[in-house]
Amino acid sequence: MKKWSMGITAVTIMALLAGCSGNANNEGSSANGGGNSKGKEKVAINVWLTPQWKGVLDATEQGADYDSFLKYAAKKFTEQYDKYDADIKVEVVAGDQRDQLLNVNLNGGTAPNVFFESTFAMGDYVHRGALEPLTDIIDDNAKSDIAQNYWDMVTFGDDIYFYPFQNNPGTLVYNADMFKAAGLEQYVGGENEIKTWTLAEYEQILEGLKTKLPKDKYSNAYPMALFAVNNQGDTWNLSYLRMFGLDFFDKDGNIVLGENGVKSAAWLKKIYDAKYTNPGAESVSSNDANAMFQNQQLAISFTNPVLFNGIKANMASGTSPKFDIRLANIPSESGDPLTFTYVVGASVFQSKDPKKTEVAKDFVKFFSSDPELVKSSKNGIPVRASVIKELSGENPFFAAYDANSKYIFNFSGNVPGYSQLREALYPELQALYMGAKTPEQAIKDYVASGNKVIQSNKENSVIYKK
Amino acid sequence: MRIRNSFLKENLTGYLFILPQMLIFLAFLVYPILEGIRLSFYKINYQNETFVGFDNYAALFHDPVFFKALVNTVVFVVFIVLLTVGFALFVASAIFDKNAKYVSFIRGSYYIPVMVSMVVMSMVWSFLLNPANGLISYFAREAGLGTVNLLGNTQTVMPVIIFVTFAGNVGQSIILYIASMIGVSKDLFEAAEVDGASRWQVITKILIPSVQPTTIYITIINIIAVLKIFVVIQLLTGGGPNNGSVTLMYYLYNNAFKYNQLGIASAVGVIMFAITLLLSIPQLKAMLKQK
């Protein structure tokens with residue numbers, strides 16, 4: 001009897017403690033919400049993002065982390081939001097686990113409400129009918145401030161599904177010191193310039209780097225990065241396949257890579273066989289290439305503003321050797337630069353609770369258009385002309401990227417099954433580099449398998465079913 | 001009625017003891033298997049599930065990459081299991097009757113790779129084998145052998161993965177064999193010694209037959225483990241070059257998590273389950289018969 005009464009007492013005490021701590025938590029979250037939550041219905045939403053930049057404005061802030069910006073935006077949003085008592089939880093997920101996490105959570109009914117990510121990686125979720133259209137939250141002000149080519153990249157069918165925030169244009173990066181050491185000074189661009197070479201000039205550069213680079217100073221170094229072990233960095237490979245012409249997708253979203261694609265593949269094979277690139281491209285990853293560039297084993301590699309700033313930060317912190325790095329465009333036969341960009345922005349996943357969708361949309365609109373918050377887009381390249389104008393003094397590259405923007409092509413074509421389509425390219429490139437397939441055969445097989453993927457995904461696409 | 005009551009009384013406690021385990025077994029093993037079989041007959045997308053009969057299986061048998069994955073997986077199973085059993089038997093029979101400290105040292109040396117995460121092992125091998133800046137490639141270049149790209153060649157990629165997996169797994173089998181061999185009755189060895197048997201005869205006529213249940217067990221667990229080979233492929237080759245090292249598990253992963261083809265992925269899972277069952281049943285039968 002004594003034992004029973006002691007047990008009941010213990011349970012009661014624990015229940016009371018749990019009750020107290022529960023209240024304390026509630027009070028805490030209300031306080032977090034800015035103290036204006038009285039009488040408003042509480043609506044909790046989850047926000048996921050992949051690592052983009054650290055800090056609210058930049059990485060020098062104390063305690064800067066990948067979730068700092070969205071946490072700050074959530075706090076600012078809840079303080080001024082008068083429809084509901086919004087409770088926003090921000091979570092960072094690894095980029096390479098994005099699809100795995102999303103697929104598992106979508107099937108389990110626990111998808112996030114908002115996802116902040118490069119939009120090309122999220123296009124499949126539009127086709128699968130998992131995302132909410134955002135057309136109704138885009139106002140005229142945003143439409144005029146953000147250039148049309150960015151809107152085109154986030155429009156599927158008749159609707160906009162992502163709110164563009166910033167973009168990361170892909171370019172080449174080169175080691176100007178290695179150029180100079182190889183006697184290629186005339187090809188070195190300005191420090192804040194994105195240099196455009198013709199294809200003929202580019203081939204001269206590769207030849208010069210191969211033959212004239214002093215071996216004592218740069219032993220075990222190669223002219224250009226080439227990689228095809230997996231789908232990482234494949235957008236650069238897709239760009240190389242457009243060197244002889246931009247015709248890639250037709251208006252129905254089918255791959256129409258023909259003669260120009262074969263010429264491009266033949267060019268890649270030519271420079272690989274001529275040893276203008278790192279060896280073993282079929283089993284080298286873009287990460288390997290990036291590391292080799294930082295160790296001065298490659299003179300020309302791939303980059304985007306995030307990677308470029310990362311290399312500079314590594315040099316500044318002494319974790320990689322210091323040398324003069326500059327930007328260049330991917331050359332093309334026509335002489336026009338080849339440039340693409342990853343538009344980064346937020347999307348809203350469908351929810352059974354319309355209030356969650358409402359709060360999620362309001363939150364996305366808020367942080368994508370608030371004049372203070374959109375300045376954080378300077379960590380990539382802002383999509384808003386107003387932000388570029390205001391901050392161009394801070395980053396001289398903004399003007400160069402802006403000048404490039406008219407050459408941007410939509411590398412994904414917004415086709416259904418894009419992530420599956422990515423898996424079709426690198427095996428063909430591997431076969432090409434290994435000599436197992438001719439350029440004609442590799443392109444033919446890529447077109448066939450790619451169109452098969454697109455076709456099967458079209459059958460399930462809510463955009464194509466409309 | 002009385003019989004049933006006494007039967008219940010006698011066995012109820014036992015059933016209650018295994019009840020928690022049975023519940024976990026049913027919820028986390030039997031149910032997923034049944035659900036996997038069900039899903040393999042459906043086409044699943046975010047909005048609905050459509051019954052498609054054997055369409056997923058038909059799609060698999062029309063995909064050349066699936067056949068490549070199947071053949072590669074069988075090659076991996078055969079070679080890795082043979083190597084593991086053969087080498088573990090060789091090492092264990094060579095040292096089981098030696099000084100205890102020496103046995104411990106050898107056992108520990110082979111077991112260290114088992115304790116190291118396969119992810120770490122794969123990253124180390126990736127660093128060694130990288131054709132552009134790996135250590136092996138560097139020494140090959142220095143020795144005038146030119147560019148060595150073992151992972152980028154369809155002729156060498158499979159032997160390399162077989163070796164890496166074998167090196168990471170063999171310690172477990174050596175430990176099991178040594179434990180089993182130490183347990184073999186000393187009388188048999190003494191009798192053989194009296195009869196003038198050679199070391200080879202002792203190993204082949206006494207030791208190997210005596211540890212047969214262990215051999216069967218090691219074979220089964222290795223077959224099952226190798227059928228699921230994934231981490232090494234994902235980190236070292238990504239299934240390449242040109243699908244040269246793609247395995248069933250990697251193919252399943254790609255379909256489930258990259259392409260969101262859950263029906264196809266489930267069909268691959270069902271086929272793998274069937275293969276494992278087919279390979280394991282005769283061995284299990286042999287083991288049970290012996291007991």
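**Strand β9 of chain A**

- Strand β9 of chain A covers residues 298–303 and is mostly covered, with six of its six residues buried.
- β6(A) and β9(A) run antiparallel and are joined by four bridges.
- Strand β8 of chain A, residues 222–224, runs parallel to β9(A), and two bridges join them.

**Chain A as a whole**

- Chain A contains 18 helices and 12 strands.
- Its radius of gyration is 25 Å, close to the 23 Å that the globule rule gives for 466 residues, so chain A is as compact as a globular protein of that length.
- The C-alpha trace of chain A spans about 90 × 55 × 50 Å along its principal axes.
- Buried residues make up 47% of the 466 residues of chain A.
- Of the contacts in chain A between residues at least 6 apart in sequence, 75% join residues at least 24 apart.

**Confidence in chain A**

- Chain A has a mean pLDDT of 89, and 92% of its residues reach 70 or more.
- In residues 1–35 of chain A the pLDDT is below 50, and this stretch has nine contacts in the model beyond near neighbours in sequence.
- Where pLDDT is low, the predicted coordinates should not be read in detail.

**Domains of chain A**

- Domain 1 of chain A comprises 35–168 + 342–405, while domain 2 comprises 169–341 + 413–459.
- The C-alpha centres of these two domains of chain A are 29 Å apart.
- Domain 1 of chain A brings 17 residues to the contact, and domain 2 of chain A brings 17 residues.
- On the side of domain 1 of chain A that touches domain 2 of chain A, the elements giving two or more residues are α4 (123–127), β6 (163–175), β11 (340–348) and α15 (397–404) of chain A.
- With four residues, α15(A) gives the most to that side of domain 1 of chain A.
- By class, the residues on that side of domain 1 of chain A are nine nonpolar, six polar and two charged.

**Domains of chain B**

- Chain B is assigned domain 1 (1–39) and domain 2 (55–290).
- The centres of domain 1 of chain B and domain 2 of chain B, taken over C-alpha atoms, are separated by 34 Å.
- Four residues from domain 1 of chain B and six residues from domain 2 of chain B form the contact.
- The side of domain 1 of chain B that touches domain 2 of chain B has three nonpolar residues, one polar and no charged.

**Helix α8 of chain B**

- Gly196(B) follows α8(B) and has a positive phi, near 80°.

**Contact of chain B with chain A**

- The contact draws 22 residues from chain B and 27 residues from chain A.
- On the side of chain B that touches chain A, helix α12 of chain B (residues 248–258) gives the most, with three residues.
- That side of chain B divides into seven nonpolar, 14 polar and one charged residues.

Definitions and conventions: Residues are numbered from 1 along each chain as its sequence is written. Chains are lettered from A and ligands numbered from 1 in the order in which they are written. This is a predicted model: local features need pLDDT of at least 70, side-chain atom pairs count only at pLDDT 80 or more; totals for chains, interfaces and linings use all residues. Domain bounds come from an automatic or database domain assignment. Two residues are in contact if their C-beta atoms, placed from the backbone, lie within 7 Å. Ala, Val, Leu, Ile, Met, Phe, Trp, Tyr, Cys and Pro count as nonpolar, Asp, Glu, Lys and Arg as charged, and the others, Gly among them, as polar. pLDDT is the predictor's confidence in each residue, from 0 to 100. A residue is buried if 20 or more other C-beta atoms lie within 10 Å of its own, exposed if 12 or fewer, and partly exposed in between; C-beta atoms are placed from the backbone. Two strands pair if DSSP finds at least two bridges between them. The radius of gyration is taken over C-alpha atoms; the globule rule is 2.2 Å times the number of residues to the power 0.38.
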